[in-house]
Amino acid sequence: MNNQQKLVDAFCEALGVAPDMVTDDLTYNTIKEWDSTAHMILIAELENTFDVMLDTDDIIDMSSVGKAKSILSKYDIGF
C-alpha cells in the first residue's frame with residue numbers, strides 16, 4: 001500500500017467518510033464529520049499510520065488533506 005492510499009484510509013477511518021471524499025481540497029470544518037473532536041482522532045490515526053509524532057504547530061496547521069501531505073513530507077513521508 002502506498003502513502004497516498006494510507007493517507008486516504010487514515011482520513012476515512014478517523015472521519016468516517018467515503019474514500020472519494022478524501023481529496024486535497026477537503027478542508028477542516030467544511031463537512032460535519034471533520035470537527036474538532038474528529039481532528040484529534042485524525043491526528044492520532046495519522047501518527048499511528050505513519051509512525052510519526054506531529055508537532056503542535058503541525059496539528060494546528062493541518063487544515064486540509066493537501067496540507068496534511070505537505071506537513072507529513074516534513075517527516076520524510078513522500079506522496
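Hi everyone, let's begin inside: Leu 7 lies in helix α1. Helices here are DSSP runs of H or I with at least four residues, strands are runs of E with at least two, and both are numbered from the N terminus. Before going on, please keep in mind that this is a predicted model, where local features need pLDDT of at least 70, side-chain atom pairs count only at pLDDT 80 or more, and totals for chains, interfaces and linings use all residues. Residues are numbered from 1 along each chain as its sequence is written, and side-chain values use heavy atoms, with hydrogens and water left out.

Back to our starting point. Is Leu 7 buried or exposed? Leu 7 counts as buried, at 0% relative accessibility. By buried I mean under 20% relative accessible area, by exposed over 50%, and partly exposed is in between, using a 1.4 Å probe and protein chains only. Setting aside residues up to four places away in sequence, Leu 7 touches Leu 46, Phe 50, Val 65, Ala 68, Lys 69, Leu 72 and Phe 79. Contact, throughout this talk, means heavy atoms within 4.5 Å. Along the chain, Leu 7 and Thr 49 are 42 residues apart, yet their C-alpha atoms are separated by 8.0 Å.

Ala 10 is also in helix α1. Ala 10 is buried as well, at 1% relative accessibility. Its contacts, again not counting residues up to four places away, are Leu 42, Glu 45, Leu 46 and Thr 49.

How do α1 and α2 sit against each other? The axes of α1, residues 3-15, and α2, residues 36-50, come within 9 Å and cross at roughly 145°. The axes are lines fitted to C-alpha atoms, for helices over the stretch in contact, and angles run from 0 to 180 degrees between N-to-C directions. The crossing is right-handed, a word used when the near helix is turned clockwise from the far one by less than a right angle, with anticlockwise giving left-handed. On the α1 side, the residues that meet α2 include Asn 3, Lys 6, Phe 11 and Leu 15, while Ala 38, Ile 41 and Phe 50 are among those on the α2 side. The residues of this contact divide into ten nonpolar, two polar and three charged. For that count, Ala, Val, Leu, Ile, Met, Phe, Trp, Tyr, Cys and Pro are nonpolar, Asp, Glu, Lys and Arg are charged, and the others, Gly among them, are polar.

Now the core. A nonpolar core is a set of buried Ala, Val, Leu, Ile, Met, Phe, Trp, Tyr and Cys residues joined through side-chain atoms within 4.5 Å. The largest one has 26 residues, and Leu 7, Phe 11, Leu 46, Leu 54 and Leu 72 touch the most other members. Helices α1, α2 and α4, residues 65-73, each supply at least two residues of this core. Which helix gives the largest share? That is α1, with seven residues. As for Leu 54, its contacts beyond four places in sequence are Ile 43, Glu 47, Ile 59, Met 62, Ile 71, Leu 72 and Tyr 75.

Lys 69 lies in helix α4, and Lys 69 counts as buried at 17% relative accessibility. Beyond its neighbours within four places, Lys 69 is in contact with Gln 4, Leu 7, Asp 24 and Phe 79. In helix α3, residues 56-61, we find Asp 58. Asp 58 is buried, with a relative accessible area of 4%, and touches Ile 71, Lys 74 and Tyr 75, leaving out residues up to four places away.

Two backbone details next. Asn 29, in the loop between α1 and α2, has a positive phi of about 65° although it is not a glycine. Asp 76, in the segment after α4, likewise has a positive phi of about 65° without being a glycine. Asp 76 is exposed, at 75% relative accessible area.

Finally, the record: UniProt, in an unreviewed entry, lists residues 5-66 as "domain: Carrier". Positions there are given in the numbering used here, feature names are shortened, and annotations may be inferred rather than shown by experiment. Over residues 5-66 the chain is 55% helix and 0% strand, with the end C-alpha atoms 14 Å apart.
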